[in-house]
Amino acid sequence: MEWVVEASELTKLYDGFKAVDSVSFRIAKGEIFGLLGPNGAGKTTTILMLLGLTEPTSGTARVYGYNSTTEPLQVKRVTGYLPENVGFYEELTAAENLFYIARLNGIKGEEAERKIEEALEVVGLSHVKDQATGTFSKGMRQRLGLASVLIKDPKLVILDEPTTGIDPEGTEQVLRLIMKMAHEMGVTVMVSSHLLYQMQRICDRVGIMFKGKMVAQGGIDEIGAQVLGEKQGVMKLTCENLEPSSIERLKNKDGVLDVSTSGMMVVVKFDESRKADLVRDAVSEGFIPIEVRGKEYSLEEIYMRYFQEG
């Protein structure tokens, strides 16, 4: 597996206060990684260290093998960064703002025109390219911000709270763009956010920060199993001739957690990992499955349970 981001024991002190405390994580090529946590958890400081915009007190950060502290220019060449509050010249049009940003990145002439047209098309703003940016909604400004990132052809994109303060329609457009960047354009994406339900939709893996520490990381199912226990599924069954002996045999099956009855209906709670075997066993016992469903882990549930216990 190719690692795009490698952070090892990153620590940042401000006047003795540990804003980031020994944080380590890796991000694989092509994935969407969510850096989650409440305001003040250390997410933005971690991002700034990855970008080489602030030096760690200790620890190292690498992006595509480049050391963020000693090789910050190389890191910036392969990385696009969108801060929470995007700044544009409001009197300039969308296209004029992008031309300015292109020039700052050494992109000129026909190449700049082509990349700007392509970026505006990707973010769905081609029809307003000649409109003053000061008239844009926050959602439109965020999409223009994504366009400004894309004209660099980045290998890694880092987004800091990209949907905060945006209406539902604008949020949906931004989330779709993030997924498009990763799944269709091959860009690795790191998203910092405190909006857990949105991150659950788009992230392959997440890291949860709290008080400067990385307290959990991995896939949502992986973290959910650690914090909440194994998944519990529910199966509803019926049977033409419901016999007590059949119920007892069902209760004794490996992976069955609980069996209850209501009339001719049998409700079985089971370990999700045993679902296929238990459905097959139930059918062989003469039961007819009416509904079989697993419990999906919720990032919000994981988050709340973790901090209640921690």
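Asp 254 and Arg 274 pair up in a salt bridge, with their closest N and O atoms 3.7 Å apart; the term covers a side-chain nitrogen of Lys or Arg within 4 Å of a carboxyl oxygen of Asp or Glu. The two residues sit 20 residues apart and link distant parts of the chain: Asp 254 is in the loop between helix H9 (244–251) and strand S12 (256–262), while Arg 274 is in the loop between strand S13 (265–271) and helix H10 (275–284). Helices (H or I, at least four residues) and strands (E, at least two) are DSSP runs, numbered from the N terminus. This is a predicted model, where local features need pLDDT of at least 70, side-chain atom pairs count only at pLDDT 80 or more, and totals for chains, interfaces and linings use all residues. Side-chain values use heavy atoms, leaving out hydrogens and water, and residues are numbered from 1 along each chain as its sequence is written.

Arg 274 also bridges to Asp 277, with 2.7 Å between the closest N and O atoms. Through shared partners, salt bridges join Asp 254, Arg 274, Asp 277 and Arg 280 into one network. Asp 254 is exposed, at 56% relative accessible area, and Asp 277 is partly exposed, at 27% (buried is under 20%, exposed over 50%, partly exposed in between, using a 1.4 Å probe and protein chains only).

Elsewhere, Glu 172 forms a salt bridge with Arg 201, the closest N and O atoms being 2.8 Å apart. Glu 172 belongs to helix H6 (residues 168–183) and Arg 201 to helix H7 (residues 196–202), so this pair ties together parts 29 residues apart in sequence. The whole structure holds 18 salt bridges.
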